[in-house]
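Open the model in your viewer and keep the selection panel at hand. We will start with the whole chain and then stop at a few side chains.

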Amino acid sequence: SFSERYLYDGHLGDGSYGDVWRVKDKEDPSLEYAAKIIDFTTYRPDYPDLKEKILKHLPRELSVLSRTHSPYVV
């Protein structure tokens, strides 16, 4: 799992879809990455269909990320 490989090392920011954290690779602590963590359990009364919107837009975001060639994207 993610938490078995990476160590959370500080909160970098948040948005409507989730939080971005600095994480370190447990196998090589000199390597740092940014990880976006999406929480489907948070309910926002101002945005009751947030989960559906995230699921709708997630494939596009994953597609863009899959074309990103960077040693800092995991």
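Helices here are DSSP runs of H or I with at least four residues, strands are runs of E with at least two, and both are numbered from the N terminus. With cartoon view on, you will find two helices and three strands in this predicted model.

**The whole chain**

Show the C-alpha trace: along its principal axes it spans about 40 × 25 × 20 Å. Of the 74 residues, 12% count as buried. If you list contacts between residues at least 6 apart in sequence, 22% of them join residues at least 24 apart.

Next, colour by charge. There are 11 positive and 13 negative side chains, and the centres of the two sets lie 6 Å apart.

Begin with the pair R5 and D25, whose closest N and O atoms are 2.8 Å apart. D25 sits in strand β2 (residues 19-25) and R5 in helix α1 (residues 2-5), so this bridge ties together parts that are 20 residues apart in sequence. Is D25 buried or exposed? D25 counts as buried because its relative accessibility is 3%, under the 20% cut-off. R5, at 33%, counts as partly exposed.

Now turn to the other bridge of R5, the one to E27, with 3.7 Å from N to O. This pair links helix α1 with the loop between β2 and β3, 22 residues apart. E27 is exposed, with a relative accessible area of 65%.

**Second stop: K36 and E61**

Select K36 and E61, whose side chains meet in a salt bridge at 2.9 Å, N to O. Here strand β3, which holds K36, is linked to helix α2, which holds E61, across 25 residues of sequence. K36 is partly exposed at 38% relative accessible area, and E61 is partly exposed at 24%.

**Last stop: a nonpolar patch**

Finally, select L62, L65 and V73 with the surface on. They form a nonpolar patch with about 240 Å² of accessible area together. Zoom in on L65, found in helix α2 (residues 50-66). L65 counts as partly exposed, at 38% relative accessibility.

Terms used
Residues numbered from 1 in each chain as written. Predicted model: local features only at pLDDT ≥ 70, side-chain atom pairs only at ≥ 80, totals over all residues. Heavy atoms only, no water. Buried < 20%, exposed > 50% of the residue type's maximum accessible area, 1.4 Å probe, protein only. Contact = heavy atoms within 4.5 Å. Lys, Arg positive; Asp, Glu negative; His and termini not counted. Charge placed at Lys NZ, Arg CZ, Asp CG, Glu CD. Patch = residues over 30% accessible without salt bridge, like charges linked within 9 Å, V, L, I, M, F, W, Y side chains within 5 Å. Areas by Shrake-Rupley, 256 points an atom, 1.4 Å probe, with all protein chains shown as cover. Salt bridge = Lys/Arg side-chain N within 4 Å of Asp/Glu carboxyl O.
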